[in-house]
Every structure is written in C-alpha cells, then in structure tokens.
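Please look over the sequence and the structure shown below before reading on.

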Amino acid sequence: MNRYLIILLVLGLMACGQPTAENPDAIKKEILETRQEIGKLEKKARNLEQKLRALNPGNDKTALLVKTKTLEYETFEHSLLANGSIEAVREAFVGAEVSGRIETIHVQEGDRIQKGDLLVTLNSSIIENTLAEVRTSLKLTRTIFEKRKRLWEKKIGSELEFLQAKNNKESLEDREKALQAQLEMTRIKTPISGIIELITVKKGAQALPGSTLFHIVDLNEVFINADISESYLGKVKTGDPVTVTFPSRPDINFNTRIYRMGNVINPENRTVEIQVKVKNQSELLKPNNLAIIRLMDFTTDRALLLPSIIIKKDMKGEYVYTAVRKNDSWIAKKVYINAGLSEGNITMVKTGLSPNQQIIIKGYNLVKNNMTIKLEESQEIR
C-alpha cells in the first residue's frame with residue numbers, strides 16, 4: 001500500500017471524527033496519536049509487502065527497479081592540487097649608483113628594451129670637469145715620468161726621483177679610471193632584456209644611490225610557486241610530472257615537471273615550496289596570476305572504484321548496497337566498506353568489497369537491507 005495513501009486515509013478518518021480541540025495540549029496529543037497510527041499502518045503495509053513477495057517471488061511487480069555496477073579492477077590515479085602564483089624568472093629593479101640630477105629619460109613605461117640599452121642620463125658636469133683636470137695633470141705627469149725613466153736608464157739622477165714620477169703617474173691613471181667609471185654610472189643601462197613596467201622618477205629629479213628608478217620584467221619564462229604540506233615530502237620530489245592550469249586563462253595549460261623543491265619547511269603553516277618553470281608563449285601569463293598545480297601522488301591499476309555519491313554512512317561506518325541473487329529474485333544487501341582516496345566524484349574502496357560483486361548505483365537512496373529488488377532489463381543476464 002502506498003505510504004501517502006495511508007496518510008490520507010488516516011487524515012480522512014480523523015476528519016470524520018470529533019472536531020479538534022482548541023487547547024494546544026490537546027492538539028499536541030492528537031498529533032502524537034496520529035503519528036503513532038501512521039507508523040502502525042506503515043509497518044503493517046511493509047509486512048503485507050513481504051508476505052506478497054514470499055508468495056510470488058518470481059513475479060514481484062512491487063520490487064524496486066535498480067541499476068548496478070559489476071566491480072572489476074581499474075586504473076586509479078590520485079592527484080594533489082596546490083594553488084600557486086606566477087613570478088617572472090628575470091626581472092630587475094634598476095637604481096642609481098651615484099647621485100645626480102636626471103637630465104634625460106630615454107624610455108617610457110611599456111617599452112621593450114634589450115640588455116645594455118640606455119635608460120636614463122644623469123647630470124655629469126662635475127665629474128666631467130674633474131676628469132678633464134685629471135687628464136691634463138696626467139699628460140704632464142707622464143711626460144715627467146718618461147724623462148725620469150730615460151735618465152734613470154742612463155744612471156743619471158736618483159732612483160727616488162724616478163720612483164716618485166712613476167707613482168704620480170700611476171696615481172693619476174687610477175684616478176682617471178675611477179672618474180671614468182663614475183661617468184659611466186651617470187648613464188644607467190638595463191641589465192636585462194624585457195619590458196619597462198614602472199618608472200618611479202621624472203626628468204629633473206635627484207637620483208640617489210640605492211633608490212629604484214625602473215622596474216623591468218622579462219616575461220619569456222616564468223616560475224610558478226606553490227606550497228604543499230610537509231606530509232607530502234616523501235611522495236613529491238624534483239622532476240615529478242605536473243599539470244598546470246590557470247583559472248583566468250582556461251585556454252592555457254602545461255604538462256611539465258617540478259623544477260625545484262624547497263629545502264626549508266615554513267614553521268607557520270608546515271608547508272614546503274615547489275617551483276615549476278615554463279615558457280610563456282606570447283607573454284599571456286602575468287606575474288602574480290593564480291595558477292593550479294596538479295601533481296600525481298598515488299597510482300594503481302588494481303583499484304575497485306565506486307561513484308562517491310553512493311557511499312553512505314551510519315554509526316557503524318561507511319557502507320554501500322550490493323545486489324545479491326536469492327533463489328529466483330534479487331535482494332539488496334548492506335555491506336560496510338573502508339573507503340580510500342577520492343578523485344573527483346570517484347572513490348577507491350580499500351576493503352569490504354571484491355571483484356564481480358554487483359553494486360547498486362541507481363536507486364541506492366531507496367533500497368533497504370534485504371529488500372527485494374529488480375535489475376534493469378539489460379542487466380538481468382548477469
């Protein structure tokens with residue numbers, strides 16, 4: 001008998017009886033009595049259904065129609081997902097090495113430049129004037145040295161005068177080199193090829209040693225950095241294959257390998273860093289973009305797999321329903337299992353099941369233990 005028909009029958013009988021009292025306690029009592037009556041009728045209906053199945057087991061039109069899966073060994077791969085961010089392999093924060101007023105900025109933000117290109121020219125008048133004075137003095141000093149050298153070779157004059165002339169010449173030569181190097185520092189050049197991402201100063205401003213003037217980034221190659229739990233240290237290593245995807249660019253993905261694995265565990269969150277290095281074709285990936293690294297941490301070709309959704313749980317543990325042949329009919333049997341790893345909507349069963357068992361995968365929410373069931377026609381041959 002249909003459960004809802006029973007409920008309607010009870011409500012109808014009640015409607016024909018005495019009017020409901022207005023007292024809240026009386027109403028609560030009546031509700032309780034009604035529920036008890038419904039429970040008794042449902043129990044009676046179940047008993048009658050069982051008697052009917054026992055009398056007519058081979059032609060039970062009341063049996064629940066289910067679909068099953070025959071267990072067999074399959075390949076199973078479990079992967080670890082780690083969120084990462086993109087970092088340019090090569091980037092530079094270019095600053096001044098000497099103080100000076102900015103005379104000319106030779107580039108603009110967004111410009112593509114090559115290694116060695118001139119970025120900015122600082123005022124160098126003081127250095128140039130000093131260098132000119134040194135070179136004038138050096139010319140005279142070299143002349144004096146050459147004369148002292150020729151005289152000394154002829155054993156004329158003192159050795160001290162010769163050494164003093166040599167020292168004066170070499171000192172001025174060293175100073176000329178130092179000034180020339182300072183002059184070169186007023187012409188700031190890029191140490192890498194890339195794109196001018198940021199210029200922090202303007203023409204006429206004073207550049208100070210240690211201050212950043214330009215941020216330059218090369219996007220041809222990028223690192224993808226992610227943190228994984230220290231519990232994976234024995235399962236993940238440099239060179240392991242990974243798949244990298246990007247939420248903001250679903251059209252881009254990479255199959256590559258772990259380029260570097262960190263050697264220090266972060267004490268705050270107990271993680272270790274992994275790093276992947278990829279070619280950034282067309283420079284579509286940008287620094288700080290979010291990336292997802294998928295790396296395999298378990299694989300087997302002898303796994304018993306089930307849809308995760310059919311696994312239920314009660315006080316005793318996790319269980320599924322199997323279809324078992326009994327005489328000329330099928331019944332549902334509750335089987336407790338030990339579920340293992342899950343990947344997507346699939347779960348690997350560690351213990352409790354064996355190959356060739358029939359697992360109910362459709363109708364699993366309706367069956368009860370020892371309930372008579374009927375398999376879909378395409379499965380009756382099993």
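Two residues are in contact when heavy atoms of theirs lie within 4.5 Å. By that rule, among the contacts in the protein chain with a separation of 6 or more, 73% are between residues 24 or more positions apart. The model is a predicted one, so local features need pLDDT of at least 70 and side-chain atom pairs count only at pLDDT 80 or more, while totals for chains, interfaces and linings use all residues. Residues are numbered from 1 along each chain as its sequence is written, and side-chain values use heavy atoms, with hydrogens and water left out.

The secondary structure of the protein chain comes to four helices and 19 strands; these are DSSP runs numbered from the N terminus, with helices (H or I) of at least four residues and strands (E) of at least two. Of the 382 residues in the protein chain, 34% are buried, where buried means under 20% relative accessible area, exposed means over 50%, and partly exposed lies in between, with a 1.4 Å probe and protein chains only.

**Aromatic rings**

Rings of Phe, Tyr and Trp (its six-membered ring) form a pair if their centres lie within 6.5 Å, and the pair is called stacked if the planes are under 30 degrees apart, edge-to-face if they are over 60, and tilted for the rest. The count by this rule comes to six aromatic pairs. One of them joins Phe76 and Phe298, a tilted pair with 6.4 Å centre to centre and 55° between the planes. Because Phe76 belongs to strand E2 (residues 74-95) and Phe298 to strand E13 (residues 290-307), this pair ties together parts that are 222 residues apart in sequence. Phe76 is buried, at a relative accessible area of 3%, whereas Phe298 is partly exposed, at 31%. Tyr319 and Tyr321 make an edge-to-face pair, with 5.7 Å centre to centre and 85° between the planes, and both of these residues are buried. Ring pairs also bring Tyr336 into a cluster with Tyr319 and Tyr321.

A charge can also sit over a ring, which is counted if NZ of Lys or CZ of Arg is within 6 Å of the ring centre and within 35 degrees of the ring normal. Lys169 lies in this way over the face of Phe145, at 5.1 Å from the ring centre, and the charged end of Arg302 sits over the ring of Tyr73, 4.0 Å from its centre.

**Two residues and their contacts**

Asp240 is found in the loop between strand E9 (212-229) and strand E10 (241-245), and it is buried, with a relative accessible area of 12%. The side chain of Asp240 reaches the backbone nitrogen of Lys237 at 2.9 Å. Apart from neighbours within four places in sequence, the residues in contact with Asp240 are Lys235, Thr256, Arg257 and Ile258.

Which residues does Thr245 touch, not counting residues up to four places away in sequence? They are Ile252, Asn253, Ala291 and Ile292. Thr245 lies in strand E10 and is partly exposed, at 33% relative accessibility. The C-alpha atoms of Thr245 and Ala291 are separated by 5.9 Å, although the two residues are 46 residues apart along the chain.

Most residues other than glycine have a negative phi.

**A cavity**

On a 1 Å grid over the protein atoms alone, a cavity is a set of points where a 1.4 Å probe fits but cannot get out, and its lining residues have an atom within 4 Å of a point. Grid points are joined across faces, edges and corners, and the volume is the space filled by probe spheres set on the points. The structure holds one cavity of 30 Å³ or more. The lining of the largest cavity includes Arg148, Leu151, Trp152 and Phe162. Helix H3 (125-153) and helix H4 (159-185) are the elements that give two or more residues to this lining, and H3 gives the most, with three residues.

How values were computed:
A polar contact is a pair of N or O atoms within 3.5 Å; within protein, one must be able to donate a hydrogen and the other to accept it, and residues adjacent in sequence count only if both atoms are side-chain atoms. On a 1 Å grid over the protein atoms alone, a cavity is a set of points where a 1.4 Å probe fits but cannot get out, and a pocket is an open set with protein on both sides within 12 Å along at least five of seven lines; lining residues have an atom within 4 Å of a point.
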